[in-house]
Amino acid sequence: MKIEELKEKAKQIRIEVIKMVNAANSGHPGGPLGLADIYAALYFQILNHDPKNPEKVDRDRLILSNGHVCAVRYASMALSGYFEVSELATFRRLGSRLQGHPSTRYLSGIESSSGSLGQGLSIAVGLSLGAKHQKQSHKIYACISDGECGEGMTWEAAQSAVHYKLDNLIAFMDRNFIQIDGNTEQIMRLEPLGEKFRTFGWNVIEEDGHNMEGIIKAFENAKKNTGSPTLIVFRTTLGKGVSFMENKPEWHGSPPNKEQAEKAIAELIAG
Ligand SMILES: Cc1ncc(C[n+]2csc(CCOP(=O)(O)OP(=O)(O)O)c2C)c(N)n1
Ligand SMILES: [Mg+2]
């Protein structure tokens, strides 16, 4: 897909995210808006997947560790054909397949249940190791957040991924410097983040998470790396695309009301 088309997909994803969180009157708009460009690149360009056959054996796996941002994944799945876009309106409703934190029990195409932070990278390490043992050639992608690095399990996974030379593992981080209570560096300092992972033995790529060409290039380079796992640190802006949400921790987990949602969508359409 052309870069301009991917940017258009990202815009559509953002609009659906706003509609979903507004209709549910609960949920997390900030993270999903910040990840929309990356998810457009994944679902419309990078992933080897088939929306009409979500269980195909050789598909790439995408583990979403920071499960609270699942609106971006549901919107990407609907727009790429896993299910009807109209189903997005059931987000967070009782009985819906689209719960506020994703579950493998309800929706094919979700590769791990999440919401309890810190577990995703370990799950991805297990899947990568399994794929190696079985001589399978698909990739394992792991979406992780900066806030969840406060969970020690992340660092155990980081260590074992290098030990087992898991070059089929491509982790990427939503590095927005924000978590539920504010700035990550004040709450639990992470910097120098890239250097930490490099010291562990990871191939580390740092990229602007809103530059579509750069996002594609980063993933393509990660795919080519051999002998070590890759971490792409994507610098993102929480709430990207909606002026009154950008970089504001309060939009981590509060829904826009009708008026705010209309304003947000108008801004996104104006682009
Ligand atoms: C194990 C665990 N501890 C605490 C929480 C509560 N919690 C939900 S989101 C969040 C902040 C995580 O930071 P990040 O993913 O960087 O947030 P974002 O950038 O999306 O605002 C926390 C602490 C949780 N879901 N799981
Ligand atoms: Mg964050």
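Helices here are DSSP runs of H or I with at least four residues, strands are runs of E with at least two, and both are numbered from the N terminus. By that count, the protein has nine helices and seven strands. Welcome to a predicted model, in which local features need pLDDT of at least 70, side-chain atom pairs count only at pLDDT 80 or more, and totals for chains, interfaces and linings use all residues. Residues are numbered from 1 along each chain as its sequence is written, while chains are lettered from A and ligands numbered from 1 in the order in which they are written.

**Overall build**

- The radius of gyration, taken over C-alpha atoms, is 17 Å.
- The C-alpha trace spans about 50 × 45 × 35 Å along its principal axes.
- Of the 271 residues, 49% count as buried; that label needs 20 or more other C-beta atoms within 10 Å of a residue's own, whereas 12 or fewer makes it exposed and anything in between partly exposed, with C-beta atoms placed from the backbone.
- Two residues are in contact if their C-beta atoms, placed from the backbone, lie within 7 Å. Among contacts between residues at least 6 apart in sequence, 75% join residues at least 24 apart.

**The sheet**

- Five strands form an open sheet in the order β1-β2-β3-β7-β6, with parallel pairing; two strands pair if DSSP finds at least two bridges between them.
- β1 (61-64) and β6 (203-208) are the edge strands, each with a single partner, so one side of each has no neighbour in the sheet.
- From one strand to the next, the twist averages 20 degrees.
- β3 and β7 (residues 230-235) run parallel and are joined by six bridges. Phe-172 stands opposite Ile-232 in β7.

**Helices across the sheet**

- Helix α2 (residues 30-46) lies across β1, β3 and β7, at about 150 degrees to β3. Such angles run from 0 to 180 degrees between N-to-C directions, using axes fitted to C-alpha atoms, for helices over the stretch in contact.
- α4 lies across β1, β2 and β3, and runs at about 170 degrees to β2.

**Helix α5 and what follows**

- In α5 (residues 153-163), the buried residues are Thr-154, Ala-157, Ala-158 and Ala-161. They cover an arc of only 105 degrees around the axis, which puts them on the same side of α5; the arc is that of the directions from the helix axis to the C-beta atoms.
- These buried residues pack against α4 (120-133), β2 (140-145), β3 (169-175) and α7 (193-200).
- Just after α5, Lys-165 takes a positive phi of about 50 degrees. Lys-165 sits in the loop between α5 and β3 and is partly exposed, with 15 C-beta neighbours inside 10 Å.

- Ala-142 lies in strand β2 and counts as buried, with 28 C-beta neighbours inside 10 Å.
- Leaving aside residues up to four places away in sequence, Ala-142 touches Ile-63, Ser-65, Gly-120, Leu-121, Ala-124, Leu-169 and Ala-171.

- Most residues other than glycine have a negative phi, and most peptide bonds are trans.
- Arg-92, in the loop between α3 (70-80) and α4, has a positive phi of about 70 degrees although it is not a glycine.
- The peptide bond from Glu-191 to Pro-192 is cis, with omega near 0 degrees; Pro-192 is in the loop between α6 (184-187) and α7.

Terms used: Rg over C-alpha atoms; globule rule 2.2 N^0.38 Å.
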